[in-house]
2 protein chains.
Amino acid sequence: MKKITIAIDTMGGDLGPAAIIEGVGMAMLEYPIEPVLFGTEELLREEAEKRGGMKIIHAPTVIEPCEPPTLAFRRKKDSSLVMGLKYVKDGHAQCFVSAGSTGALLTGATMIIGRRAGISRPALATVLPSRKGFTLLMDCGANMDCRPEYLAQFGQMGAEYMQKCMGIKNPRVGLINVGAEEEKGNLLTKEAYILLKETGINFVGNIEGREILAGGADVVVCDGFTGNVLLKFTEGFAKSLMGMIKDELMSSGVSKLGALLAKGAFAKLKKRFDYREVGGAPLLGLNQLVIKAHGSSDALAIKNAIRQCVLHEST
Amino acid sequence: MKKITIAIDTMGGDLGPAAIIEGVGMAMLEYPIEPVLFGTEELLREEAEKRGGMKIIHAPTVIEPCEPPTLAFRRKKDSSLVMGLKYVKDGHAQCFVSAGSTGALLTGATMIIGRRAGISRPALATVLPSRKGFTLLMDCGANMDCRPEYLAQFGQMGAEYMQKCMGIKNPRVGLINVGAEEEKGNLLTKEAYILLKETGINFVGNIEGREILAGGADVVVCDGFTGNVLLKFTEGFAKSLMGMIKDELMSSGVSKLGALLAKGAFAKLKKRFDYREVGGAPLLGLNQLVIKAHGSSDALAIKNAIRQCVLHEST
């Protein structure tokens, strides 16, 4: 099997380069990859040499989360983000992984790697656990204000991704909306509905909030504002609900014992809602694959972000 | 204690008038109310007489969920919805409760009962359970496309409601958004942030999705599209997550026993996420109180919708 070369921005994560390099090391034990690390060389060398097999390319500057993306991208051509993206663009690597600022990554990826023909705006896609399996939610935050045609394109890109990476044949695509009927919604979804019907994908119509996790669609599309609020709400809700369950269980002796016996089941479920298990959100609609890893990614999250590249490139 | 007269649309619910009248009967046993039922008299008489103390006003027509609101409202002046709203407007009752179509109720209430001075758009508010208590989410679906000033007004109305009906002093109001920083968001939230700062209410800034149920704000505001998707997502998520927990628990003998022992705790939690326990969403920003009960309200939900009127009118 031919090895997959992956460019990795080691400077963007909240936990620093050591956690990211540890994740790369974990991925190397499982997948046929050739990692290329971008970042401040003296910060990376020791960790990388300890593990071996990692190439380092020195990038002297870092784009900070607070910097306005377009400006940061123009000024810091020697940053780990810009240099890594150029490396992929020039064909030296197949994919790029970064835990840095979404805005800068989106701007940089669009300007350097470029949009695919026919795509107006790249978008972030995230896989959510549903009772029947998985649902791809997109856009999760790349495009705050959308035009109807963007949503139609999200549907097409999402369907393609689920078919290619998750092996789902003819994926069902739904439009997140406030009612089942075609005429429901805001100005954006009313127009997007009409366009989605014309795409030729398996469009199953509107999906109300309560059906998103019920498994009625393999891909659900919305603007990046709604998607981001929903995605973070899911993280918070799972945590809050587990907390409420814990509070209730600890309130009596009988249920305390019940909680103890049910511990294994809870741990398994917690894992399903742990963002580190998914590892990252693909930025779809570009000429090459870019994975946005969660800002607070630890080694496990980085390993799983790399797994997504492997899945994508080996099919 | 002076009795509160409540006008009730008996025709709007999915379960028919009998369930609604049963709920009214339950409320009469607990609260000092004088209910006035609007609907087709021959459908109500038997149930109402069985319980006693209910006044019936015959309304020969019904507004169906599929009818365009403005048109339905103009054509069916003799419907239970229109006649009940007029009764409240004319001062014969203090509040109105309906499980009928949100659109028709909103249009009718705005045109008949009228908006409060300084309010551009009435909005639906729903109380969500949070780990620390409750959070009021508004707008939950009355206004699909909002202007920034609507969101600022939602904040003011929501704060007033939580202070008056839930006894929360100086309620904290948050703006649902994609990041904590002021400059984050879509065009709507960026402008709404500036306006909310100027309202004089206790505005605590942006609230990300993961913090909505963590209890960081007593009131969270957003446009009616986002709010409706979130509200229904909450209903569905609680159900899906409980289902996933059940699936996991049933997968082994030890955890099956655990589930049995923890049953009481689960039942209590399920109740917290049961919309019937809240009973209805107040339509805020009108000259009198209107409660939108869930379309599929049963007797318990109607009783609790009436409890909201009692809470509101007795403070």
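Contact here means heavy atoms within 4.5 Å. Axes are lines fitted to C-alpha atoms, for helices over the stretch in contact, and angles run from 0 to 180 degrees between N-to-C directions. Helices (H or I, at least four residues) and strands (E, at least two) are DSSP runs, numbered from the N terminus. In chain A, helix H5 (residues 102-112) lies across S4 (95-98), S5 (123-130), S10 (280-284) and S11 (289-293), at about 175 degrees to S11(A).

This is a predicted model: local features need pLDDT of at least 70, side-chain atom pairs count only at pLDDT 80 or more, and totals for chains, interfaces and linings use all residues. Residues are numbered from 1 along each chain as its sequence is written, chains are lettered from A and ligands numbered from 1 in the order in which they are written, and side-chain values use heavy atoms, with hydrogens and water left out.

**The sheets**

Chain B holds an open sheet of eleven strands with mixed pairing, in the order S3-S2-S1-S4-S11-S10-S5-S6-S9-S7-S8. Two strands pair if DSSP finds at least two bridges between them. Neighbouring strands are turned by 25 degrees against each other on average, direction ignored. Strand S2 (residues 33-39) of chain B runs parallel to S3(B), joined by four bridges. Val36(B) has Lys55(B) as its bridge partner there.

Chain A has an open, mixed sheet of eleven strands, ordered S3-S2-S1-S4-S11-S10-S5-S6-S9-S7-S8. Its edge strands are S3 (55-58) and S8 (202-207) of chain A. S7 (residues 172-176) of chain A runs parallel to S8(A) through five bridges. Arg172(A) stands opposite Asn202(A) in S8(A).

**The interface**

The contact takes 51 residues from chain B and 51 residues from chain A. The buried area is about 4900 Å², and carbon and sulfur atoms give 73% of it. Buried area is the accessible area (1.4 Å probe) that two parts lose on being put together, summed over both.

Four salt bridges link chain B and chain A. A salt bridge is a side-chain nitrogen of Lys or Arg within 4 Å of a carboxyl oxygen of Asp or Glu. Over all chains, the count comes to 24 salt bridges. Two examples follow.

| Salt bridge | N to O distance |
|---|---|
| Arg210(B) and Glu235(A) | 3.5 Å |
| Glu41(A) and Arg45(A) | 3.9 Å |

Glu41(A) and Arg45(A) are about one helical turn apart, because they are four residues apart in helix H2 (residues 41-51) of chain A.

**Backbone exceptions**

Most residues other than glycine have a negative phi, and most peptide bonds are trans. The peptide bond from Met138(A) to Asp139(A) is cis, with omega near 10 degrees. Asp139(A) sits in the loop between S6 (133-138) and H6 (148-166) of chain A. In chain B, the bond from Met138(B) to Asp139(B) is cis, with omega near 10 degrees. Asp139(B) lies in the loop between S6 (133-138) and H6 (148-166) of chain B. Asn170(A) is not a glycine, yet has a positive phi of about 45 degrees. Asn170(A) belongs to the loop between H6 and S7 of chain A.
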